[in-house]
Amino acid sequence: MSGIKDNLKIERESISVPIIRFDANASEAVVSKAPPVYQKVINDAKKYMNMAGALYIASEVMPFDVPSENYKRVKYDAEAKKILKTFTHPQPIPVIYNHNDGTDPWMSMEGKPDVAGRVLSNAVAEGIYGVPTVFCGQMITDKESIDRIQSMIDYTQSISYMPKAYVCEECGMDGTSDDCAHYPGQIIKDKNGKERRVVFTTIPNYAAELSFVLVPGYRNARVVAMEQNNAGGAPVTGIKAISYYNKKVQEVVNFDNKEVVQETGTTETVNEN
């Protein structure tokens, strides 16, 4: 329990960090301290589609191995690696608002969601917690959304994904079965009377969307950098900060040696907010 509280404290202290710019308004002093993965996912997004006038943003989306405020976590293993491809394949997932994907008649706005843009790239690198973390590069084309992001009205984000299964970390059983007597966040006591929260491991299937929300399940899930593309759609090599990126990109931490988790099945969309 204390470990989770410590993690949340880290998130709240880090949330006040300003969004780093990688365009004509970039500060070389700030850029020089930015983790290289920020620029990497923005550049990769521009390589996917370079649109004049679009705002390209990098977001720290989800740390692996760390419980969210919903007391669920995704472990970084072979199953988790498979979900990374689904951010952009078979098509780039949308960037929307409040997980309004247009499928729920009680939430849909005139039958369709407000789409801000698309996720065009992702990478795994060390995040705030010092663990493998998903970073996403997004192309934002909606003009109102661009203004809201640049003014930090839209700042924190939440990932929605379809899970294959939940595994209870207390009993090791399928968290959706009647045989498991636990639920995420349940307070239980050990033999010494010390309280702790029940955590479920989520085995992910595929990513569904990213959403701007007010209170994400991971408090550090937020926009960390942005780059306003100029009217001419200039190539990435013309960016002021590219020299720093070229020097530092090789330093991005690569986490590729983990174990495989056995596949099972379930049908519930997880919104980490």
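Colleague: Why is Ala26 called buried?

Modeller: A residue is buried under 20% relative accessible area, exposed over 50%, and partly exposed in between, with a 1.4 Å probe and protein chains only as cover. Ala26 has a relative accessible area of 10%, so it counts as buried. The model is predicted: local features need pLDDT of at least 70, side-chain atom pairs count only at pLDDT 80 or more, and totals for chains, interfaces and linings use all residues. Residues are numbered from 1 along each chain as its sequence is written, and side-chain values use heavy atoms, with hydrogens and water left out.

Colleague: Where is Ala26 found, and what separates its C-alpha atom from that of Met226?

Modeller: Ala26 is in the loop between strand E1 (20–21) and helix H2 (28–31). Helices (H or I, at least four residues) and strands (E, at least two) are DSSP runs, numbered from the N terminus. Ala26 and Met226 are 200 residues apart along the chain, and 9.7 Å separates their C-alpha atoms.

Colleague: What makes the link between the side chains of Asn220 and Glu60 a polar contact?

Modeller: A polar contact is a pair of N or O atoms within 3.5 Å; within protein, one must be able to donate a hydrogen and the other to accept it, and residues adjacent in sequence count only if both atoms are side-chain atoms. The two side chains make such a contact at 2.9 Å. Asn220 lies in the loop between E10 and E11. With a relative accessible area of 1%, Asn220 is therefore buried.

Colleague: How do you know that the buried residues of H5 lie on the same side?

Modeller: In helix H5 (residues 143–150), the buried residues are Ser145, Ile146 and Ile149. They span an arc of only 105 degrees around the axis, which puts them on the same side of H5. That arc is taken over the directions from the helix axis to the C-beta atoms. The face turned away from the buried side carries the exposed residues Lys143 and Glu144.

Colleague: What covers the buried residues of H5?

Modeller: The cover includes strands E2 (55–63), E4 (94–97), E6 (132–140), E10 (200–212) and E11 (222–228). Contact here means heavy atoms within 4.5 Å.

Colleague: Why is E6 described as largely enclosed?

Modeller: 9 of the 9 residues of E6 are buried, so the rest of the structure largely encloses this strand. Pro132, Val134, Cys136, Gln138 and Ile140 are buried on one side, and Thr133, Phe135, Gly137 and Met139 on the other. In a regular strand the side chains alternate between the two faces of the sheet.

Colleague: What makes E2 and E6 a pair?

Modeller: Two strands pair if DSSP finds at least two bridges between them. E2 and E6 are joined by 8 bridges and run antiparallel, with Met139 in E6 as the bridge partner of Tyr56. Strand E5 (residues 117–126) also pairs with E6 in the antiparallel sense, over 9 bridges. E5 and E6 form a hairpin with 5 residues between them, and Gly130 in the turn has a positive phi of about 80 degrees.

Colleague: How many bridges join strand E3 to E10, and how many join strand E7 to E10?

Modeller: E3 (residues 72–73) has 2 bridges to E10 and runs parallel; a count of at least two is what pairing requires, so these strands pair. E7 (residues 157–168) has 11 bridges to E10 and runs antiparallel. Phe200 in E10 stands opposite Lys72 and is the bridge partner of Cys168. E4 joins E10 through 3 bridges in the parallel sense. E10 is mostly covered, as 10 of its 13 residues are buried.

Colleague: What is called the largest nonpolar core?

Modeller: A nonpolar core is a set of buried Ala, Val, Leu, Ile, Met, Phe, Trp, Tyr and Cys residues joined through side-chain atoms within 4.5 Å. The largest has 40 residues, and those with the most contacts inside it are Ile57, Met62, Phe64, Phe87, Val134 and Ile140. Apart from it lies another core of 20 residues, among them Tyr38, Ala54, Phe135 and Val224.
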